[in-house]
Amino acid sequence: MNTADAQQAAGLVLTLGWLLVAVVLFAHRAGLVTSGPLIGRDVRVPGPLLWGSGAAVAFYTGQAVVVDAVEDAPNRIVAGADRPVLDWMIAHRTPDLTALMEAVSRYGGTNGTLLLAAAAVAVLLVTRRWWDALAVAVATVGVAVLVPTFKDLYGRTRPPVATQLVVEPDLSLPSGHALGAIVIVGIIAVVLGRAVRSTGWRVVVGAVAAAAVLTISLSRLYLGVHWVTDVATSWTLGGAWLAVVVTGLMWVTGRGSGAGARGRTAERPGPPAAG
């Protein structure tokens with residue numbers, strides 16, 4: 001994990017850059033700045049683009065901080081939770097809970113999430129929700145790239161084989177289950193939330209998605225095949241990618257709806273002329 005320091009430095013630079021841009025834009029909106037080297041008089045940055053990019057930067061920086069803690073201080077604060085959490089999971093194993101967690105891990109793994117994504121894309125294509133279908137597909141491809149790339153980059157070994165209820169031969173960080181769950185379940189929850197008008201149903205969709213991500217992630221800790229910092233890194237790295245995809249989706253569809261609204265306004269007849 002010799003890239004942890006470089007990633008943390010990159011996260012800091014990205015955070016400071018985003019804060020600088022955000023401050024200038026807010027100052028421009030408040031009328032405190034009307035022009036300058038970073039903006040023009042007519043600059044307009046959509047809210048989803050600004051806040052979405054901020055979320056992506058924050059999540060990316062968060063995963064860099066966790067990985068750096070694992071590399072530099074395995075016995076302190078963040079990374080120091082790895083062994084106690086694993087020991088707690090082992091101490092609370094029961095036959096029934098083990099059977100449940102094995103099933104959750106099996107169906108919430110790569111094959112299960114890919115099948116879920118493929119079904120979602122098919123339904124979205126049939127219902128002609130092209131941008132939503134593309135967002136789910138892009139998010140899924142990103143998972144397929146991020147998981148093996150960062151596993152090789154970090155090269156972290158899994159917990160001892162003696163603690164594993166299912167033996168996993170590959171590397172540990174990040175957890176493919178946790179990262180896949182937060183990205184794929186997350187993007188499907190977003191497109192479902194866009195399809196329903198009721199706030200109550202949106203809350204239900206979000207709660208179900210969060211519960212699914214949490215349960216899948218906990219199953220990997222319970223089975224002893226991941227450290228808790230593996231899961232934390234997966235959530236933050238996956239959250240960064242999810243934020244990028246959702247931001248792109250909101251920006252593209254927002255532009256379309258805005259253009260449509262302007263077109264409808266332009267076509268609307270004005271008041272009749274006097275006389």
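Which residues does V136 touch, not counting residues up to four places away in sequence? In this predicted model, V136 is in contact with A117, A120, V121, L124, I187 and V191.

V136 belongs to the largest nonpolar core, which has 36 residues. Together with V143, L179, V183 and I187, V136 is among the residues that touch the most other members of this core. Several helices contribute to it: α5 (110-126), α6 (130-154), α7 (176-195), α8 (199-222) and α9 (228-267) each supply at least two residues. The largest share, 10 residues, comes from α7. Apart from this core lies another one, of eight residues, including M101, A178, Y222 and L223.

Next comes the pair α6 and α7. Their axes are 10 Å apart, and the two helices pack at an angle of about 170°. Because of this angle, α6 counts as roughly antiparallel to α7; the cut-off for that term is an angle over 145 degrees. On the α6 side, the contact is made by D132, A135, V136, A139, T140, V143, V147 and K151. These meet G176, L179, G180, V183, I184, I187, V191 and R194 in α7. By type, the residues of this contact divide into 10 nonpolar, three polar and three charged.

D132 lies in helix α6. Is D132 buried or exposed? Its relative accessibility is 3%, so D132 counts as buried, the limit being under 20%. Not counting residues up to four places away in sequence, D132 touches L124, V191, R194 and L249. L124 and V191 are also among the residues that V136 touches.

Note on methods. Residues numbered from 1 in each chain as written. Predicted model: local features only at pLDDT ≥ 70, side-chain atom pairs only at ≥ 80, totals over all residues. Heavy atoms only, no water. Core = buried A, V, L, I, M, F, W, Y, C linked by side-chain atoms within 4.5 Å. Buried < 20%, exposed > 50% of the residue type's maximum accessible area, 1.4 Å probe, protein only. Helix = DSSP H or I, 4+ residues; strand = E, 2+ residues; numbered from the N terminus. Contact = heavy atoms within 4.5 Å. Axes fitted to C-alpha atoms, helices over the stretch in contact; angles between N-to-C directions. Parallel < 35°, antiparallel > 145°, perpendicular 65-115°, else oblique. Nonpolar A, V, L, I, M, F, W, Y, C, P; charged D, E, K, R; others polar.
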